[in-house]
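Have a look at this one with me before we talk it over. I've jotted down some points to check as you turn the model around.

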Amino acid sequence: MNRPSRIARTTCKLAPALVLVMFSLVSDALATDKRLLKPLPAEPPLIPKTRLESKNPIDHFLAAKWAEAGVRPTYRCDDYTFIRRIYLDLAGVIPTAEAVQAFVKSRGSRRREQEIDKLLESNRYAEHWGIMWEDLLRVKSRLRGTEVNSFRRYIQEELNQNRPYDEWVREMIVASGTAQDDPAVNFVLRHQNDANDLTISVTQVFMGMQLKCVQCHDDRNGRFWKQADFEGMASFWKRTRIQPAGKKLVTTPQGPREIAITKVVDHRPSDGTFLGHGQPAEGAGREALADFVTSPSNPYFARAVVNRIWKQMMGSGLVEPVDDLDPINDASHPELLDWLALDFIGHGYDLKHVIRLIANSRAYQTESVKFRRSAGKRADRLFDAMPLRRMTAEQLLDSILVCCGLLNDGNPGNRRAIKNPYPAQPGGFLATFGAHDRETIHQRDPEATIPQALELLNGRFINLAVAGHDGNPLRGWLRQGTPVNRVIELLYLNTLSRKPSRQEKSVVRAYLKQANFTTGWSDVLWAVINTREFMFVR
């Protein structure tokens, strides 16, 4: 891949003196415009002193709130719960029975930390977290002017390399040329160089701000943004163009095919206006926009991404909705949000560092409970217990493939989620379970639907998955002459990541006695997959 050097791509064209003047003006505007968040503090907030035994600063910020609200956190989750939760959150799939047993049998005080590190270094991490970023950036498998899945491959490469987030974002904003020369160009190609659409993505995805309504009219309450503010940000893209760049022969499942290639160019840099009315030097263009967005003095950039990661790991953001960071939408834990943002900046905008920090916290490793133990007091967004979270479409699909032995069987009908084209095929498994349409920036709807229930009860995919095919682990265990009680145990470990209770064993044995032995096992597997426990991250 012929990629321009990072220095060549990220060096601003303005003279250093002009850069300093420009950002002095912008910083002053950010600090005084009351429509904007307060700047991040110069020093991280002090970590509260609490009685909680934890070396993780996150826990002490939360514990201070627990004490203030008079609530007690739930107990630390057991190893079975932890291994399932961390696999789903970091790798997007349930662990196999073998992985569960290996972890539970392991010894050492750092084994949870080590499991987190192992998953963060796996390819599964980039595939799973890549889906979140693909949703936000509205990635489609087919984009005009580039090869199929070019944007997806770029995102996964950045995540696999753990590219500093500020560099990654800057790269997408300033990229020029073809996607073959510079895959970051896919960001502009996805929006087909629509200045308004690009502005919505930059402000909403990278800054957690809602500006799309003022694209057409001023804020009706007169408190916040005006149409002129939106137009000023959109002006940074006004002189960017997409032009033909020849043809390329590519290989497809149907055979060789010639596609048209396009390139992104700037006839000359545009003059935009920053939010807060900071005015860049003339001709600064997209370079100045990238500097503004990713600047440590931007009060939105770091807060927005750590808030998104927090929601992904903990079920809800420190600010909700995550795309609505503004001065009147208070964070549940403002000091923690600022501490995380500054810690993120201090660690070189390292996404894995934030995920690792949250995953190792006592708060992340609390038990999931349906009802709180806080004597009738509401504990919403206190994070004193892990909420039950419904699996995403991709987590559910891949987890069924895992427990049915079909994850890597090569059958096109059993493709892992990341191998499917997006937007998901209407009526298919992923679309039925709420895969993102990649048309607008929005949160997925976690609510269950009747078509989802019908798909799991009697859909073609589930019926073929649980059948007694050669890849089904049940078939292997039975062929080896494994005792029935042990097969039941392995089935539960392979699906729910825990051992069955005595009652569950008794119910399964009673059913197998009156059912066809072979199909009876498939029925049991089907029944477990259809439980609420299987479908939720607990």
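Here are my notes, one point at a time.

1. Before anything else, keep in mind that this is a predicted model. The chain has 538 residues, and 54% of them are buried. Its secondary structure comes to 25 helices and five strands.

2. Next, how the chain meets itself. Take the contacts between residues at least 6 apart in sequence: 69% of these join residues at least 24 apart. Pro44 gives you an example to look up. Pro44 sits in the loop between α2 (16-32) and α3 (57-69), and its C-alpha atom is 5.2 Å from that of Trp339, although the two are 295 residues apart along the chain. If you set aside neighbours within four places in sequence, Pro44 touches Trp339 and Leu342. With a relative accessible area of 41%, Pro44 counts as partly exposed.

3. Now the salt bridges. How many does a search of the whole structure find? The count is 32. One of them pairs Arg112 with Asp79, with 2.9 Å between the closest N and O atoms. Arg112 belongs to helix α6 (residues 111-120) and Asp79 to helix α4 (residues 79-90), so this pair ties together parts that lie 33 residues apart in sequence. Are these two buried or exposed? Both Arg112 and Asp79 are buried.

4. Another salt bridge joins Arg152 and Glu134, at 3.1 Å from N to O. Here helix α8 (residues 150-160) supplies Arg152 and helix α7 (residues 123-137) supplies Glu134, so parts 18 residues apart in sequence are tied together. Arg152 is buried, and Glu134 is buried as well.

5. Then go to Glu439 and Lys140, whose salt bridge has its closest N and O atoms 2.6 Å apart. Glu439 is in the loop between α18 (429-432) and α19 (450-458), while Lys140 is in the loop between α7 and α8, so the pair links parts that are 299 residues apart in sequence. Glu439 has 41% relative accessibility and counts as partly exposed. There is also a network to trace: salt bridges with shared partners connect Glu134, Asp135, Arg152, Glu394, Arg438 and Arg444.

6. Time for some helix packing. Helix α14 (residues 301-314) packs against helix α15 (residues 334-346) at an angle of about 110°, and their axes are 9 Å apart. The two helices are therefore roughly perpendicular to each other. On the α14 side, the residues that meet α15 are Ala302, Arg303, Val305, Val306, Asn307 and Trp310; on the α15 side they are Leu336, Leu337, Asp338, Leu340, Ala341, Phe344 and Ile345. Sorted by type, the residues of this contact are ten nonpolar, one polar and two charged.

7. Which residues of helix α17 are buried? They are Ala393, Glu394, Gln395, Leu396, Leu397, Asp398, Ser399, Ile400, Leu401, Val402 and Cys403. That is eleven of the eleven residues in α17 (residues 393-403), so the helix is largely enclosed by the rest of the structure. After α17 comes Gly405, with a positive phi near 75°. Helix α13 (residues 285-294) is mostly covered too, with ten of its ten residues buried; charged names turn up in that list, including Arg286, Glu287 and Asp291.

8. Last, some backbone details to inspect. The peptide bond from Glu320 to Pro321 is cis, with omega near -5°, and Pro321 lies in the loop between α14 and α15. Tyr422 and Pro423 are also joined by a cis peptide bond, with omega about 5°; Pro423 is in the loop between α17 and α18.

9. Check the positive phi values as well. Asn149 is not a glycine, yet its phi is positive at about 65°; look for Asn149 in the loop between α7 and α8. Asn162 has a positive phi near 55° and is in the loop between α8 and α9 (165-174). Asn149 counts as partly exposed at 22% relative accessibility, and Asn162 is partly exposed at 22% too.

Methods. Residues are numbered from 1 along each chain as its sequence is written. This is a predicted model: local features need pLDDT of at least 70, side-chain atom pairs count only at pLDDT 80 or more; totals for chains, interfaces and linings use all residues. Side-chain values use heavy atoms; hydrogens and water are left out. A salt bridge is a side-chain nitrogen of Lys or Arg within 4 Å of a carboxyl oxygen of Asp or Glu. Helices (H or I, at least four residues) and strands (E, at least two) are DSSP runs, numbered from the N terminus. Buried means under 20% relative accessible area, exposed over 50%, partly exposed in between (1.4 Å probe, protein chains only). Axes are lines fitted to C-alpha atoms, for helices over the stretch in contact, and angles run from 0 to 180 degrees between N-to-C directions. Angles under 35 degrees count as roughly parallel, over 145 as roughly antiparallel, 65 to 115 as roughly perpendicular and the rest as oblique. Contact means heavy atoms within 4.5 Å.
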